[in-house]
Amino acid sequence: MKTIENRKFLKQNDPAVYAALKGEEQRQQSGIELIPSENYTFPEVLASLGSVFTNKYSEGYPGRRYYGGQTFTDEIENLARDRAKTVFNCEHANVQPLSGSAMNQAVYLGLLEPGDTIMAMDLSHGGHLTHGAPVSHMGKLFNFVRYVTNPLDGSIDYDRVRQDALASKPKMILCGYTSYPRDIEYERFKTIADEVGAVTMTDASHFGGLVAGGAMNNPFDFGFDVVTTTTHKSLRGPRGGMILCSRKLASKIDKSVFPGLQGGPHMNAIAAIAVTLLKAQSEEFRQYAQQVIKNARTLADALIKRQMTLITGGTDNHMLVLDTVSSFGIDGRRAEEALDAVSITTNKQIIPDDPNPPLRPSGIRIGTPAATTRGMREADMEQLADWIVDCLQNPEDEAMQVRMRDDVESFCRKFPVPGI
Ligand SMILES: *Cc1c(COP(=O)(O)O)cnc(C)c1O
C-alpha cells in the first residue's frame with residue numbers, strides 16, 4: 001500500500017479535490033461533532049477503504065461467485081460474516097448491503113410481498129425515512145402503519161402498539177429509530193408480534209455499536225428474527241449496512257440482497273467492515289460503548305440543570321433530542337445555525353407531533369459517539385453543555401460567537417481525530 005504516494009498523486013493531479021479533502025480534514029478536527037449518526041472511523045478502516053479491493057468484482061457469495069479471482073475476496077467476506085455472527089450472537093450475517101437504506105429495502109422485499117402491512121415507528125416520533133415515509137419508494141410499495149410515543153413521558157406507547165397491531169395485523173413489526181433517546185423493550189414487541197404472527201425486525205442503525213460493545217440490549221436475546229445496522233454510525237466502521245438473521249431466513253435475505261436488489265458488492269467496504277468487527281470485540285471498544293452512554297447522560301443532566309427541555313426527559317443511549325422552541329424560543333434550524341457558527345455541529349430535528357415543517361422543526365438532535373471517539377469524557381460534556389446553552393440563549397450575539405468559536409477550536413486541539 002502506497003497511501004502517502006497515492007496522496008501525492010492526488011495533490012499533483014487534482015488539486016481541486018485535494019484541497020476539498022484537506023479542508024474537510026481541517027473541519028473535522030477543529031469543531032465538535034455532535035450529529036448522533038456520525039463518527040470518526042479507525043485508521044485501519046481508512047486503509048482498507050483505499051485499497052485494491054476497490055478494483056474487484058465479486059457478484060455472488062463466497063464459494064459461489066460469477067467472476068474469477070476470488071481467493072482473497074472470499075477470505076475477506078467470510079471473515080466479515082463470521083465476525084458479525086460472533087459480535088451480534090446470531091446465526092447468519094449478510095455484509096453486502098451498500099448502505100443502510102438498501103439494507104432495509106432488502107429485508108422488506110425479501111421477506112414480504114408488495115402491499116403487505118409493516119408496523120413501524122412514526123417519523124416525527126423517531127422513525128427513519130426507510131420505515132415507510134410517504135416520500136420513500138418503500139412507503140409506496142408496502143402498507144406502513146405507524147406507532148407513536150406516549151405524550152406523557154415520550155417513550156413508546158406499548159399498549160397502543162398492541163391495540164394497533166391487533167387491529168392492523170401486520171406481517172412485520174419493526175422497531176428501531178433515528179431520533180429516540182431510549183432503549184427498546186424488546187420482550188413487549190416480541191410478545192405482540194407473536195400474538196399477531198408477525199416477523200420481528202430491529203433497525204439498530206444508530207445503536208449497533210452500542211449493542212456490539214455490550215452497552216445496550218441485543219434484540220437476538222429476546223428472540224428477534226432480523227436485526228439490521230449501518231456500519232458507519234456508533235460501530236465506527238466504513239459506510240455500509242449489515243443484515244443479521246436466523247438461519248431459517250438466511251437464504252431469503254441473501255437472495256434479496258443479490259441478485260434481488262444489488263449487483264457487485266463493495267469489497268473495499270467489506271474488508272473495512274471485517275476490520276471494524278475485530279475492533280468491536282476488544283475490551284477497548286466495550287469501554288468506548290459504555291463511555292458513549294455515560295457522556296450522553298452527563299450531557300443530558302447538565303443541559304437539564306440549565307433548564308433545557310429534553311424529549312423524554314433524558315437519555316438511555318447515545319442521543320439527546322432537544323426542544324429548542326420551548327427551551328429558547330428558537331426553531332431547530334436557527335439553533336443548528338447558531339451552533340455551527342461556534343464550530344459545534346448538530347442537526348435540526350422534528351420532535352413528536354411537531355407543528356413545524358421538517359426544514360424548520362422545533363428541535364435539534366445531538367449525540368456523543370464522535371466526541372467520545374476523540375477521547376472526550378464527562379467533564380468535557382459539562383463544558384459542552386455550557387457552550388450549547390450560552391450559544392442558544394444568545395443566537396444573535398456575533399461577538400460572543402467569535403469568542404466561543406475560538407474557545408471551542410482550541411479545546412478541540414486537545415483531542416486528536418484518529419486517522420488524520
Ligand atoms: C441512518 C439510518 C438508516 C439509513 O442508512 P443510510 O446509510 O443513510 O442509507 C436506516 N435506518 C436508520 C434507523 C438509520 O438511522
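Which helix gives the most residues to the shell around the ligand? Helix α5, residues 100-111, does so, with 3 residues.

This is a predicted model, in which local features need pLDDT of at least 70 and side-chain atom pairs count only at pLDDT 80 or more, while totals for chains, interfaces and linings use all residues. Residues are numbered from 1 along each chain as its sequence is written, and side-chain values use heavy atoms, with hydrogens and water left out.

**View 1. The shell around the ligand.** The ligand is surrounded by 14 residues, a residue being near if one of its heavy atoms lies within 4 Å. Ser99, Gly100, Ser101, Asp203 and Lys233 are the closest. By class the shell has 1 nonpolar, 11 polar and 2 charged residues. Here Ala, Val, Leu, Ile, Met, Phe, Trp, Tyr, Cys and Pro count as nonpolar, Asp, Glu, Lys and Arg as charged, and the others, Gly among them, as polar.

View 2. A polar contact is a pair of N or O atoms within 3.5 Å. An oxygen atom of the ligand lies 2.7 Å from an N or O atom in the side chain of Lys233. A backbone N or O atom of Gly100 is 2.9 Å from a ligand oxygen atom. In the side chain of Ser205, an N or O atom is 3.4 Å from a nitrogen atom of the ligand. The ligand exposes 390 Å² when taken alone, and the protein buries 87% of that; these areas come from the Shrake-Rupley method with a 1.4 Å probe.

**View 3. The largest pocket.** This pocket has a volume of about 1,100 Å³, the space filled by probe spheres set on grid points joined across faces, edges and corners. On a 1 Å grid over the protein atoms alone, a pocket is an open set of points where a 1.4 Å probe fits, with protein on both sides within 12 Å along at least five of seven lines; lining residues have an atom within 4 Å of a point. Its lining has 32 residues, with Gln28, Thr41, Leu46, Leu49 and Gly419 closest to the centre.

**View 4. An open sheet.** Four strands follow the order β11-β12-β15-β14 with antiparallel pairing. Strands are DSSP runs (E, at least two residues), and two of them pair if DSSP finds at least two bridges between them. β14 pairs with β15 (residues 363-367) over 3 bridges, and Gln349 stands opposite Gly363.

Definitions and conventions. Polar contact = N/O pair within 3.5 Å; in protein donor to acceptor, adjacent residues only side chain to side chain.
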